[in-house]
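Open your viewer, switch to the cartoon view and get ready to select a few pieces one after another. We will go from stop to stop together.

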Amino acid sequence: MEFSSTATRIADRVVLTVAGDVDLAAHARFQNDLDQSWDATCDLVIDCSRITFLDSMGLRVLVHAMQRAAANGRDIALAAPSEPVQRVLDLAGIRTLFTEIGPVPDPETDPDHAV
């Protein structure tokens, strides 16, 4: 599945919704989209529910985002990580380093429960 990402600013955080394969071919775009949408001055939620494949390069982007958040006193959370994301985090032994939350509510249909 082709990679895509969309960023939305909700309250005091950025929600980056990622979909498709996050692999060697897409990791640079993932990193660029992350850098363009999040400047580490607010918290970050990465909606991982639509990621269909994650390799070590995609994992690298997630780890760097976590390190950047920590260095700036910000929080990062993975929303509804898909099975491929969970598997890679488990294999790498770093799943517990990330905060996992449930699905990101759609602010247009559920404005009272926006992230």
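Begin by selecting helix α1, residues 27-37, and helix α2, residues 56-71. Keep in mind that this is a predicted model. How do the axes of α1 and α2 cross? They cross at roughly 20 degrees and come within 9 Å. Angles under 35 degrees count as roughly parallel, so α1 and α2 are roughly parallel to each other.

From α1, pick H27, F30, Q31, L34 and D35; from α2, pick M57, G58, V61, L62, A65 and R68. Colour this α1–α2 contact by class and you will find six nonpolar, three polar and two charged residues.

Now hide those side chains and look at the strands. Five of them form an open sheet in the order β1-β2-β3-β4-β5, with mixed pairing. Which strands sit at the edges? Select β1 (4-10) and β5 (99-101), each of which pairs on one side only.

Zoom in on β1 and β2. These two strands pair in the antiparallel sense over seven bridges. For one example, click A7, whose bridge partner in β2 is L16. β1 and β2 form a hairpin with two residues between them. In that turn, select A11, which has a positive phi of about 55 degrees.

Move on to β3 (residues 43-54) and β4 (residues 76-79). In which sense do β3 and β4 pair? The answer is parallel, over four bridges. Click I46 and look across to L78 in β4, which stands opposite.

Then bring the helices back to see how they sit on the strands. Helix α3 (residues 83-92) packs on the sheet and touches β3 and β4, its direction making about 100 degrees with that of β3. Helix α1 lies across β1, β2 (13-22) and β3, and runs at about 170 degrees to β2.

For the last stop, select P103, in the segment after β5. Is P103 buried or exposed? Exposed means over 50% relative accessible area, so P103, at 66% relative accessibility, counts as exposed. Finally, draw a distance from P103 to I51: their C-alpha atoms are 13 Å apart in space, while the two residues are 52 apart in sequence.

Conventions: Residues numbered from 1 in each chain as written. Predicted model: local features only at pLDDT ≥ 70, side-chain atom pairs only at ≥ 80, totals over all residues. Heavy atoms only, no water. Pairing = 2+ DSSP bridges. Contact = heavy atoms within 4.5 Å. Axes fitted to C-alpha atoms, helices over the stretch in contact; angles between N-to-C directions. Parallel < 35°, antiparallel > 145°, perpendicular 65-115°, else oblique. Nonpolar A, V, L, I, M, F, W, Y, C, P; charged D, E, K, R; others polar. Buried < 20%, exposed > 50% of the residue type's maximum accessible area, 1.4 Å probe, protein only.
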